[in-house]
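The following exercises are to be worked with the sequence and the model at hand. Each task is followed by a solution in steps.

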Amino acid sequence: MTADFLPDRPGAGDRPRRAFVGGRTIARALTIADLRAIALRRLPRVSAEYLEGGAEEEITLAGNRRAFDERTFRPRVLVDVSRVDLARDLLGDRSALPFAIAPTGFNGLLWPRGDVALARAAAAAGIPCGQSTVSNASIADVAGAAAGLRHWFQLYVLGEDAVWRGLVAEAEARGSRALLVTVDTATHGNREWDKRNYLGGFTPTLAARIEMLRHPGWLRSILLKEGWPRFVNLEPFVPGPKRDLYTVAAWSLANMRPATDWRTIEAIRAAWPRKLVVKGVQHPDDVRRARDAGADGVVLSNHGGRQLDRAAAPIRLVAEARALVGPDFSILVDSGFRRGTEIVQALALGADGVLLGRAMLYGLAAGGEAGVARAIAILAEEVRRTMALLGLTALDQLSPSVFAP
Ligand SMILES: Cc1cc2nc3c(=O)[nH]c(=O)nc-3n(C[C@H](O)[C@H](O)[C@H](O)COP(=O)(O)O)c2cc1C
């Protein structure tokens, strides 16, 4: 298990009596780390490794967390902070909080109809929700999951152009507000801890299957409520009579498009009338290229440490990216965010907002929609508290001057 990278892990020797919340009651979770502890109790190894894992030595996975330790705050005092406004424009729409749910695939491995649970919790909290191309619920089901949802569709460019054109048309028809084109997957990230659970493709090893049986609650809920998850959005594009999980997964592996370049982004731009964001940008020159290609913004991201190991933490790029493009180009950032103080750092450096991957998935795996709601509430309160303790009442007051020299 890849639990070692979390610096706030309990029982690390120096304070052996410390522990995260026990049991499975999400209302008792005080932090994202508590939700993670509950989630890891509930999940079998195949699901836990999929959720937790990073590429190869997991240097980037750990580095994403450590990067937040490079800065400290220099708060102001005796300011009236009885009201703190946490609302923010994210890709042209008002969001109640300065963060959104990142698009993540295969959520059916964590919770039955996990994609819908994420969307419903996002709508209730008034924040946008990303949906992955390789989600297990359809675009229609997620975009229509709750009234008032700001739905962002994440596109993987796979196979022939007809595939992305079909997905983009569907997202437009279902009212998605933004399209996030993920570009850090020119080839598959190498997550060996995850791979060891499979014989090849998506066939779990005998040991992994036996281990699943030791999680009957999980097994029952996945098999009975949703059935084994499928990549429903890609099924119409897969030739042949069989369109089960294995067949579609094999098709997507065989149809990755390593030849994709900026011309594809320009073509997608021409086809998509709403906000377009390039996700997975890690270099200042690519921030500029994205803007020149007609995108409305970027997500600075290393895919949560799941793609190129030894890639730098995206938080490091925020200030430089903002200085390059000025105030009118959207800069979102993700990878490693688990605390309100970290979200506030990103905003102070110039990000418009933060995307949350695992922080939301820990909530989902711990308790479905209620668990995601708990994760959002924890981070909302942490952001509010951070602002109050900094002596600030609105997010636009944040600037690099909040940091100690
Ligand atoms: C389990 C898991 C599945 C993911 N699936 C996708 C995906 O299908 N498409 C995508 O663009 N990013 C995907 N990501 C990356 C997230 O969108 C986001 O960039 C990343 O989770 C941010 O890092 P964090 O998990 O530390 O918050 C996935 C991440 C995780 C953890």
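A residue is buried if 20 or more other C-beta atoms lie within 10 Å of its own, exposed if 12 or fewer, and partly exposed in between, with C-beta atoms placed from the backbone. The model is predicted: local features need pLDDT of at least 70, side-chain atom pairs count only at pLDDT 80 or more, and totals for chains, interfaces and linings use all residues. Residues are numbered from 1 along each chain as its sequence is written. Helices (H or I, at least four residues) and strands (E, at least two) are DSSP runs, numbered from the N terminus.

**Exercise 1.** Determine which residues of H1 are buried.

Step 1. The buried residues of H1 are Ile32, Ala33, Asp34, Leu35, Arg36, Ala37, Ile38 and Ala39.
Step 2. Because eight of the eleven residues of H1 are buried, the helix is largely enclosed by the rest of the structure.
Step 3. H15 is included in what covers these buried residues.

**Exercise 2.** Describe how H1 and H15 pack.

Step 1. The axes of H1 (residues 32–42) and H15 lie 10 Å apart, at an angle of about 165 degrees; axes are lines fitted to C-alpha atoms, for helices over the stretch in contact, and angles run from 0 to 180 degrees between N-to-C directions.
Step 2. H1 is therefore roughly antiparallel to H15, as angles over 145 degrees count as roughly antiparallel, under 35 as roughly parallel, 65 to 115 as roughly perpendicular and the rest as oblique.
Step 3. Residues in contact (C-beta atoms, placed from the backbone, within 7 Å) include Leu35 and Ile38 of H1 and Tyr362 and Ile378 of H15.
Step 4. By class, this contact of H1 with H15 has ten nonpolar, two polar and three charged residues. Ala, Val, Leu, Ile, Met, Phe, Trp, Tyr, Cys and Pro count as nonpolar, Asp, Glu, Lys and Arg as charged, and the others, Gly among them, as polar.

**Exercise 3.** State whether H12 is oblique or roughly parallel to H13.

Step 1. The axes of H12 (residues 284–292) and H13 (residues 318–325) come within 9 Å and cross at roughly 40 degrees.
Step 2. H12 is therefore oblique to H13.
Step 3. Pro284, Val287, Arg288 and Arg291 of H12 meet Glu320, Ala321, Leu324 and Val325 of H13.
Step 4. Five nonpolar, no polar and three charged residues make up the contact of H12 with H13.

**Exercise 4.** Identify what supplies the largest share of the shell around the ligand.

Step 1. H2 (45–52), S12 (353–356) and H15 (358–390) each supply at least two residues of the shell.
Step 2. H15 gives the largest share, three residues.
Step 3. The shell holds ten nonpolar, twelve polar and four charged residues.

Key: Two residues are in contact if their C-beta atoms, placed from the backbone, lie within 7 Å.
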